[in-house]
Amino acid sequence: MRADLTLIADWIEPQARVLDLGCGEGELLAYLQQARQIHGYGLEIDAEKITTCIRRGVNVIEQDLDDGLNNFRDASYDVVIMSQALQALLRPDQMLDEMLRVGRECIVTFPNFAWWRCRLHLALKGRMPVSRSLPHQWYNTPNIHLTTFKDFEALCTQKSLKILARAVGNSAHQTHWTSHLWPNFFGEVAIYRISR
Amino acid sequence: MSDQATPVAAQASTATPEATSLFAPDSVGLVSARSMEFMTPLMLACGRELASYTLVYETYGKLNADASNAVLICHALSGNHHAAGYYDAQERKPGWWDAYIGPGKPIDTRHFFVVSLNNLGGCHGSTGPSSINPETGKTYGPDFPVLTVKDWVNSQARLADALGIQKWAAVIGGSLGGMQVLQWAISQPERLRHAVVIASTPRLSAQNIAFNEVARQAIMSDPHFYNGRYAEHHTLPRHGLRLARMIGHITYLSEHSMGQKFGRDLRIDKLNYGFDVEFQVESYLRYQGESFSERFDANTYLLMTKALDYFDPAADFNDDLVTAVSQATCDFMVISFTTDWRFAPARSQEIVNALVAAGKAVSYACIDSPHGHDAFLIPNPRYQAVFSAYMHKVHAQITQPTQDH
């Protein structure tokens, strides 16, 4: 399993009620069902990924996250997870509110746009960064709301959200001591655990 | 073929090797209908009871030793028990869900023992309005009791008993069939492991009921209807049934699929400024109506539309669908189609949302298809992939306990 997912899994209590927004092929939920006996659903819009979830026995619901989470009740989940999808939403700020309406806490991961390679790319080439974690061109990228450690934390402060934990990773899913020292420069992927 | 597990499975093998070779390798091949008599009275929702009745059904595949691989197919408004395969080598069209039932198909008959019946009240062999009422010696006609989806589920449960099936691996159905699946999950929770609800709804909308009412009025205002006693007058309300089918058919298709199929094409390449058939779509609807009016019983059509209108499982639980589906213990797969406006994706989402609120295991897929409500009957790669993936899970759970062979 991807290293960031292993890290997320460590934050989930046994038998938790979990909602995984943009669950992909359901590998995290499948793991959590087996290792933590959680009860949960994944939300996904990609047809093939939905089929994979169903085949592996993960409850998956076809739903566009940009339509919100109106069909989920207040405080009905222990944890709401969104891995590498926040930056692709129309309104990430509203989604955070929704996630914390539905769940007691939420776990969010996103590519850090202030990673040193992104900075270097933009500074030296003067063009939009293209990297392992951001492989698209500016015109076809689904990542329409790229953000950084600092920007995300500013939003949390503005919304009075508590940051319970923060971790850093890279697209190869290793961590390096430098990224703990200065995450907004050395961290390629940001991982946050937040609550109200 | 390996040895049969039970007498039921022995009956079920209807295809002979040489006959099978006439058909595609993923066809169930030759099939035949069987019937089962029930002599214990069946109490109905309307308060009346049926003293005895017959159900006709077909089976495909083999029942395993512990009867854990049985799948029930519930049919829609005009469906019947002939869901897959052919009655003879000359038959032009296979059963109505042949695209989804057979070796290697989503409902894989190499794994599952599939049971498909004609519902009570039907007109394809099961006891219904066109059967003889044993009390009078004449056809029931309008005296046949109005049935509900719950009555069907009760009668299907008796068929399961008779076939030695305590618990279905899955109950599956589209449209009105999906309603039966939902009812099974709510009122017989201990008797199914999986529910597959396709292109369905937790209850009809006012618009749905309105279309049904127009269809009923078309039938009942036909001078040959004779208050439902047309059989006694040796006639049929063909005209009314034809209209009913025409209006029904419009709701099964999408604007797009009608446009694609017919556009504004004319039968003859000029307008003739009259009211006879000119556009291809008119010709198509008339043809559909005509062929239907010859093979379907008008009283059955009325009864089926009423069962649709009355279906509302939440009504038994203070109109709360969440409480209703809380009774269920099975896992669910819910499937809808983008251009279905009869039971639109939003109606399937109501079911899904209630199941999620009740904490039930459910997956939901909305399949992109141009074919409207009819999409649930038509081959579609994504629909087949999703359906197969879910049935793979159903099968895996059957084989798990005995995996060590």
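User: Which side chains meet in a salt bridge, and what counts as one?

Analyst: A salt bridge is a side-chain nitrogen of Lys or Arg within 4 Å of a carboxyl oxygen of Asp or Glu. Here, the side chains of Asp143(B) and Arg229(B) form one, at 2.9 Å from N to O. This is a predicted model: local features need pLDDT of at least 70, side-chain atom pairs count only at pLDDT 80 or more, and totals for chains, interfaces and linings use all residues. Side-chain values use heavy atoms, without hydrogens and water, residues are numbered from 1 along each chain as its sequence is written, and chains are lettered from A and ligands numbered from 1 in the order in which they are written.

User: Into which domains is chain B divided?

Analyst: Domain bounds come from an automatic or database domain assignment. Domain 1 of chain B covers 28-203 + 312-400, and domain 2 covers 204-310. Their centres, taken over C-alpha atoms, are 25 Å apart.

User: How many residues are in contact between domain 1 and domain 2 of chain B?

Analyst: Contact means heavy atoms within 4.5 Å. By that rule, 37 residues of domain 1 of chain B touch 32 residues of domain 2 of chain B.

User: What area is buried between the two domains of chain B?

Analyst: The size of an interface is often given as the accessible area lost when the parts come together. Buried area uses a 1.4 Å probe and is summed over both parts. For domains 1 and 2 of chain B, about 2900 Å² is buried, and carbon and sulfur atoms give 62% of this. On the domain 1 side, Leu77(B), Trp341(B) and Arg342(B) lose the most area, together 26% of what that side buries.
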